[in-house]
Amino acid sequence: MLFVLLLFLLPLSATSQTYRNVTLGSSLTANNANSTWLSPSGEFAFGFQQIIQGGYLLAIWFNKIPERTIVWSANRDNLIQEGSKVQLFADGRFELSDPRGQRIWAATLSRVGVAYGAMLDTGNFVLANNSSVVSWQSFDEPTDTLLPTQTMNQDGRLVSSFSKTNYSRGRFLFTLQTDGNLASYTRNFPMDDASFAYWSTQTMGSGFQVIFNQSGYIFLVAKNGSVLNFVASNAVSTSQFYQRAILEYDGVFRLYVYPKYAHSEGGRAMAWSTMDFIPSNICMRITQSTGSGACGFNSFCSLGTDQMPNCDCPVGYSVVDPNDRMSGCKPNFAAQNCDEEARETDLFSFIEMPNTDWPLSDYAYFHQVTEDWCRQVCLDDCFCTVAIYRDGNCWKKKYPLSNGRVDSNVGGKALIKIRNNNATVY
């Protein structure tokens, strides 16, 4: 029975899929013509998507839904110009070049050779030889998304996008480490190294491969095929629903489904809906000694009724980049004067924020004090940005504030120091 179960759980191999050949010498050009290489069913397309005016991304996407949701891309940190070209050369090279013919990106091929390319109905783009042995495939180089039948081996990783509209590499990693542990990390942006682990399977020494099977289950297996951890699952079929798992720009790994037909089972809306996600509350999972936390510096994270993290600014602050809610917050007022004879204490007051804290940002701590004393000691200190008061304890914090979150279990309050009337703006 276990053997039968494992056969059911294993994904189909790329070579068992129906191909629609992309012949040697074929090419696509980034322009408004929207030429693509389609999978046999037309459900997936390989080509160029225009992200901004004059800026394109070489990508694979769901082609039969209005959103044209991207599942893979090449050279994601730099959009390419109109007139750029991707070409499968006669000698098997597969390269992306700019309008001047300068190479931007190239597939790293194995030694088996290339006779054709193909966009598969699984969402995998492959380069293969005449014996259908794969030399290169997009499934081996994922960006932020996994699809049914896709696997991720040790040292494989997903990197979140920077924001909802910026597809370049962002702030979070999801990786199966060489030691067998599957983990989510904050990324030491803009470097590639992992910084703080906020979720993991704790499978050091045993984790071998992550599998996303046709039944919509994502799980970690050992080398002998035994299931170590079910990462995510859903209760709908791939025959009725498109499915994808993505490490999103907010650091949450989510499993989504989208009805293929208006009357698919379950009566779901014709849109992507969340079936499963990890971690359950990212706001509370990230408390790092360096870096901003789940949201940007000076902002705070709270979980919405839709279980999505919200990044907001305190009163008197505004978001740094209106197009990126995780960019952090800046004060809308001039900093307090530190001159001994002009401390401006009469020009500042406090806004109360219950159950709010910025852990690890404190530089002074006092106990067995009153709230009024806590307020005054922050007001008298030009470096003090926020005071936290809880159960007779007082913490002073200064810029930049990090790891901000709302936690109804912690109690107490944050006292946000702002200039009266917010009259002076930077």
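**View 1. Lining of the second largest pocket.** Strand 6, strand 15 (151-153) and strand 16 (157-161) each give at least two residues to the lining of the second largest pocket; helices (H or I, at least four residues) and strands (E, at least two) are DSSP runs, numbered from the N terminus. The model is predicted: local features need pLDDT of at least 70 and side-chain atom pairs pLDDT 80 or more, while totals for chains, interfaces and linings use all residues. Residues are numbered from 1 along each chain as its sequence is written, and side-chain values use heavy atoms, with hydrogens and water left out. Strand 15 provides the largest share of this lining, three residues. In total 19 residues line the second largest pocket, and D140, E141, P142, T143 and R157 lie nearest its centre. A pocket is an open set of points on a 1 Å grid over the protein atoms alone, where a 1.4 Å probe fits, with protein on both sides within 12 Å along at least five of seven lines; lining residues have an atom within 4 Å of a point. The second largest pocket holds about 410 Å³ of space, a volume being the space filled by probe spheres set on points joined across faces, edges and corners. Its lining divides into seven nonpolar, six polar and six charged residues (nonpolar: Ala, Val, Leu, Ile, Met, Phe, Trp, Tyr, Cys and Pro; charged: Asp, Glu, Lys and Arg; polar: the others, Gly among them).

**View 2. The largest pocket.** About 510 Å³ of space lies in the largest pocket. Its lining counts 23 residues, and those nearest the centre are T69, K164, R244, I246 and E248. Strand 6 (70-73), strand 23 (241-247) and strand 24 (253-259) are the elements that give two or more residues to this lining. Strand 6 accounts for the largest share, three residues. By residue class, the lining of the largest pocket has eight nonpolar, six polar and nine charged members.

**View 3. The salt bridge between D192 and R169.** The closest N and O atoms of D192 and R169 are 2.9 Å apart, and the pair forms a salt bridge (a side-chain nitrogen of Lys or Arg within 4 Å of a carboxyl oxygen of Asp or Glu). D192 lies in the loop between strand 18 and strand 19 and R169 in strand 17 (residues 169-176), so the pair ties together parts that are 23 residues apart in sequence. D192 is partly exposed at 37% relative accessibility, and R169 is partly exposed at 27%. Here buried means under 20% relative accessible area, exposed over 50% and partly exposed in between (1.4 Å probe, protein chains only). Salt bridges with shared partners join D77, R169, R187 and D192 into one network.

**View 4. Two further salt bridges.** R254 and D250 form a salt bridge with closest N and O atoms 2.9 Å apart, and both R254 and D250 are buried. E95 pairs with R93 in a salt bridge, at 3.2 Å between the closest N and O atoms. E95 is buried at 12% relative accessibility, whereas R93 is partly exposed at 34%. The whole structure contains 20 salt bridges.

View 5. F189 and P190 are joined by a cis peptide bond with omega of about 5°. P190 sits in the loop between strand 18 (182-187) and strand 19 (194-200). A cis peptide bond also runs from Y399 to P400, with omega near -15°. P400 belongs to the loop between strand 34 (393-397) and strand 35 (405-406).

View 6. N298 is not a glycine, yet its phi is positive, about 70°. The residue lies in the loop between helix 2 (282-285) and strand 26 (300-303), and N298 is buried, with a relative accessible area of 7%. D391, also a residue other than glycine, has a positive phi near 50°. D391 is in the loop between strand 33 (386-390) and strand 34 and counts as exposed at 72% relative accessibility.

**View 7. The chain around the close-ups.** The chain has three helices and 36 strands. Its C-alpha atoms fill a box of roughly 80 × 60 × 45 Å along the principal axes. Of its 426 residues, 51% count as buried.
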